[in-house]
Amino acid sequence: MADVCKNYIGGKWVEAQGGETFVSINPANKDEAVGIFQRSKTDDVVAAIDAAHAAFHAWSRTPAPGRAEIVLRVGLLLEEHKEELAILETREMGKVLDEGRGDVQEGIDMAKYIAGEGRRLFGETVPSELRSKFAMMVRQPLGVVGLITPWNFPIAIPTWKIFPALVSGNSIVFKPAEDTPACATKLVELLEEAGLPGGVLNLVTGYGLEAGAPIVEDERVRMISFTGSSAVGREIAAKAGRTLKKVMLELGGKNAMIVMPDASLDLALEGALWGAFGTTGQRCTATSRIILHEDIADEFTGKLVEHASKLRVGPGLDPDNEVGPLINEKQLQTVDNYTRVARQEGADILLGGHILTGEVYNKGFFYAPTIFGNVHYRMRVAQEEIFGPSVAIMPVKSYEESVQVANSTQFGLSSSIYTQDVNTAFRAIQDLDAGITYVNAPTIGAEIQLPFGGVKSTGNGHREAGTNAVREFTEPKAVYIDYSGKLQRAQLDVEQHGA
Ligand code: NAD
């Protein structure tokens, strides 16, 4: 029997008021329950917001270096528990163990990086136009913030939001994805162990409409930071508009890798395999389109099919496996449905295109690495996010056409180009319509010290991580200090010099 885990509200582990629970299962083995979790509803969310609201004043007055010390301690605890967390992540989310370790490492990196912000949180000082007057901008916390996260990076994504929100002095209501509540619970346990005061962070587990939507609707929550699907992101932004709260959205992608004829094809091949099939294609930055110059298209496609056919698919805890399962039955059906769509639209199925079966595979949600050939940029499989191990091959005649095809979707998260020509590389950096561009690397592999996010329908103009992180979680306040001892009128009493 799996453990029953509770919500964390006001510094106490509590059951949902309705008494209902749900089970989180291992996607590599449906019979294995990872844990039993509280099915929270509006009452629980309101209690969490009450607690966050009550804790805000004292937390926001705690000096930022002190707040950051706690975040650093969590980072060190994550380091100590890295292997245990990576195994939990593989059991709950399915990614292969090495990638589970990478996900935890990203949380550690974020803790170490953002803890330094506790001693920066830079404002600005600027000259005043008047004598004996001082002008500056300081950063202040927003208040209660609501953090709603997906399942594909169950440790890293929560840390991208929680750590900068805490260093910035906010209190938090955190609603993790219903597919990965065990990872979220473990992270919150470590925050408690690190000495975070009760009420500063509150965890409510449950489903989107029941436990996520009430956070968005509550007037006291001043910001929603959401990572997930574009459909839900649009709904959240519309709803949040009613209470005029800030909304930071990190949504889907349909990321393209361009391979030019002068590229190192072996390097591009390695990148394509990692970008398309790593994390079973369940990354918002996954390489889901490979745009090949016609001069190398046949050769590259042949090699890609050959190498992808050798990828070892299976449970992520087995170190021999390179590709794990999909997250759940629904996603398995969605990915399979896109193969049908590809066929109907006239694409060739060069590899895979089916649910895997057999003793090991029947226990979980395993899909064969899939390559669609002869894909036109208007086809649905070239336009819509599949979020699985399926990649579209798109031949083009020129650099100009490759950019036009790459930019032809509603999304704009990540992009990549393989070329040895420095001029082509710099042109692509300018031309590719995306929040991230890689040169001679696939579309995945972001580091936490640069801003992360996308253009067009991938988001609404915000960025996570990097120096942006604390900017997003604070309000700038302009401060004027007049020490002249008299009334000085801006714009009117200004001294004019020169002609
Ligand atoms: P999802 O949108 O279904 O769910 C994300 C979270 O929102 C979950 O916690 C869910 O319970 C909650 N939710 C669902 N409906 C809600 C509602 N009406 N109100 C409030 N909360 C609600 O997404 P998912 O399936 O968990 O994640 C996959 C998606 O996330 C993909 O589209 C992927 O591209 C995207 N993603 C984006 C990034 C990025 O940074 N751009 C990173 C990772 C994943």
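## Residue classes around the ligand

Ala, Val, Leu, Ile, Met, Phe, Trp, Tyr, Cys and Pro count as nonpolar, Asp, Glu, Lys and Arg as charged, and the others, Gly among them, as polar. In this predicted model, the shell around the ligand comprises 16 nonpolar, 8 polar and 5 charged residues.

The ligand is surrounded by 29 residues, each with a heavy atom within 4 Å of it. Lys 175, Glu 178, Ser 229, Leu 251 and Glu 385 are the closest.

## Position between the domains

Domain 1 (7-251 + 459-478) and domain 2 (255-439) both contribute residues to this shell, so the ligand lies between them. The domain bounds come from an automatic or database domain assignment.

## Contacts with oxygen atoms

Three pairs of atoms are described here. A side-chain N or O atom of Glu 385 lies 2.6 Å from an oxygen atom of the ligand. For Lys 175, the distance from a side-chain N or O atom to a ligand oxygen atom is 2.7 Å. Thr 149 places a backbone N or O atom 2.8 Å from an oxygen atom of the ligand.

## Basis of the values

Residues are numbered from 1 along each chain as its sequence is written. In this predicted model, local features need pLDDT of at least 70, side-chain atom pairs count only at pLDDT 80 or more, and totals for chains, interfaces and linings use all residues, while side-chain values use heavy atoms, with hydrogens and water left out.

Methods. Polar contact = N/O pair within 3.5 Å; in protein donor to acceptor, adjacent residues only side chain to side chain.
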